[in-house]
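Here is a briefing on one protein chain. Look over the sequence and the model first, then read the points below.

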Amino acid sequence: MIEKSPGIPSILFSVKVYQLLLHAYPTKFQQEYGLEMVQVFQDCCLRTLRQGGTNGMVRLWMVTLFDLIQSVISEHAQKEVQMKKEMKPEDIRLAGWALIAGAVLLALSGISEQAMGFILSMLLLAVGILGLRNRYGERVGGFGKNILLIGVILGSLTSLAGLFGAVVNPYWILIPAGPAVLFICLSLFGVVALYKKPLSRWNILPLLAGVWFPIFFVPALIETFNGNWYPESATVAIPLIILQCIALSILGYILISDTPDESAATA
């Protein structure tokens, strides 16, 4: 059982953020170790704040985030070994449809500026990207495989952080930042795919499916934090989001059509 946190704002905030980050782990891992990890982190925060002050807390967070990313990747890699034994071709096809649905919802959300649409599209896109990773991950090597997992984890957490912090302007901008993080990682996967050629055709598609949204969003994010929303970049937002939707939909179709039949896969 977790002891009640001391009424120190920095520790209360740190523990809440850490609890949110733990959602990046597989569900079974969270259930088995989540409470213990939160308790240990809370104790570390209290000790660090007493001994090292604010600078100590910053160093603690740097070490914690580095270890967290490594641990999350390791746990998902172990989970994936079991998933590969259980995942059927129709599951990968379903991920392809999720990629298409997420792309369409992202385009509609970008045009109508609906925050919840970005959240839902992020969830669908995460499922689609995980299917893409499962289908082609072994063909692109460790970097290409892990960068997709990092994109799914960091992208989802970024959007969730924006949702929880939406009441504090301008943190709502983190909601669409989630897909931007995911697409940057997809673009890096696409660069590797140009060399490794994991797809049966059109290996430039992952790069084209990932690059357009960040091209618009990163400059808009910078200008937003400078107090200038709806800058010149907003004028090209809709065409770039539509290009993103088209490329992602084609990629989803490739994922669906390039998946072998179950009879062939089990033969």
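**The loop between helix 5 and helix 6**

Lys-197 sits in the loop between helix 5 and helix 6. Helices (H or I, at least four residues) and strands (E, at least two) are DSSP runs, numbered from the N terminus. The model is predicted: local features need pLDDT of at least 70, side-chain atom pairs count only at pLDDT 80 or more, and totals for chains, interfaces and linings use all residues. Residues are numbered from 1 along each chain as its sequence is written, and side-chain values use heavy atoms, with hydrogens and water left out.

- Phi of Lys-197 is near 55 degrees, a positive value in a residue other than glycine.
- Lys-197 is exposed, at a relative accessible area of 54%. Buried means under 20% relative accessible area, exposed over 50%, and partly exposed in between (1.4 Å probe, protein chains only).
- Trp-202 is found in the loop between helix 5 and helix 6. Its phi is also positive, about 55 degrees, although Trp-202 is not a glycine.
- Trp-202 counts as exposed, with 53% relative accessibility.
- Pro-198 has its place in the loop between helix 5 and helix 6. Pro-198 is buried, at a relative accessible area of 1%.
- Leaving aside neighbours within four places in sequence, Pro-198 is in contact (heavy atoms within 4.5 Å) with Tyr-136, Arg-139, Val-140, Ala-193 and Asn-203.
- Pro-198 and Val-140 are 58 residues apart along the chain, and their C-alpha atoms are separated by 6.3 Å.

**Overall fold**

- The protein chain has eight helices and zero strands. Along the sequence the pattern reads α-α-α-α-α-α-α-α.
- Of the 267 residues in the protein chain, 45% are buried.
- Among contacts in the protein chain with a separation of 6 or more, 71% join residues 24 or more positions apart.
- The protein chain exposes about 14,000 Å², and carbon and sulfur atoms supply 66% of it. Accessible areas come from the Shrake-Rupley method with a 1.4 Å probe; for residues, only the protein chains shown count as cover.

**Nonpolar cores**

- The largest nonpolar core has 44 residues. A nonpolar core is a set of buried Ala, Val, Leu, Ile, Met, Phe, Trp, Tyr and Cys residues joined through side-chain atoms within 4.5 Å.
- Ile-129, Leu-132, Leu-186, Phe-189, Phe-213 and Leu-248 touch the most other members of this core.
- Helix 3 (89-112), helix 4 (115-164), helix 5 (174-196), helix 6 (205-225) and helix 7 (237-257) each supply at least two residues of this core. Helix 4 gives the largest share, twelve residues.
- Beyond its neighbours within four places in sequence, Leu-132 is in contact with Gly-137, Leu-148, Leu-186, Phe-189, Leu-251 and Leu-255.
- Another core, of 21 residues, lies apart from the largest one; among its members are Val-15, Tyr-18, Met-37 and Trp-61.
- In soluble globular proteins, nonpolar side chains tend to be buried together.

**Leu-68**

- Leu-68 is found in helix 2 (residues 27-86). Leu-68 counts as buried, at 8% relative accessibility.
- Neighbours within four places in sequence aside, Leu-68 is in contact with Leu-21, Leu-22 and Tyr-25.
- Leu-68 and Leu-21 are 47 residues apart in sequence, yet 8.4 Å apart in space, C-alpha to C-alpha.

**Charged side chains**

- A salt bridge is a side-chain nitrogen of Lys or Arg within 4 Å of a carboxyl oxygen of Asp or Glu. By this rule the count comes to one salt bridge.
- Glu-138 forms a salt bridge with Lys-145, and the closest N and O atoms are 2.7 Å apart.
- Glu-138 is exposed, with a relative accessible area of 54%, whereas Lys-145 is buried, with 16%.
- Asp-258 lies in the loop between helix 7 and helix 8 (262-266).
- Asp-258 is buried yet has no salt bridge; Arg-135, the nearest side chain of opposite charge, is 4.2 Å away. Lys and Arg count as positive and Asp and Glu as negative; His and the chain ends are not counted.
- Leaving aside neighbours within four places in sequence, Asp-258 is in contact with Arg-135, Tyr-136 and Ser-200.

**Surface patch**

- Ile-111, Ile-238, Ile-242 and Ile-246 form a nonpolar patch on the surface, with about 330 Å² of accessible area together. Patches are made of residues with over 30% relative accessible area and no salt bridge: like charges are joined within 9 Å, nonpolar side chains (Val, Leu, Ile, Met, Phe, Trp, Tyr) within 5 Å.
- Helix 7 supplies the largest share of the nonpolar patch, three residues.
- Ile-238 lies in helix 7 and is partly exposed, with a relative accessible area of 39%.
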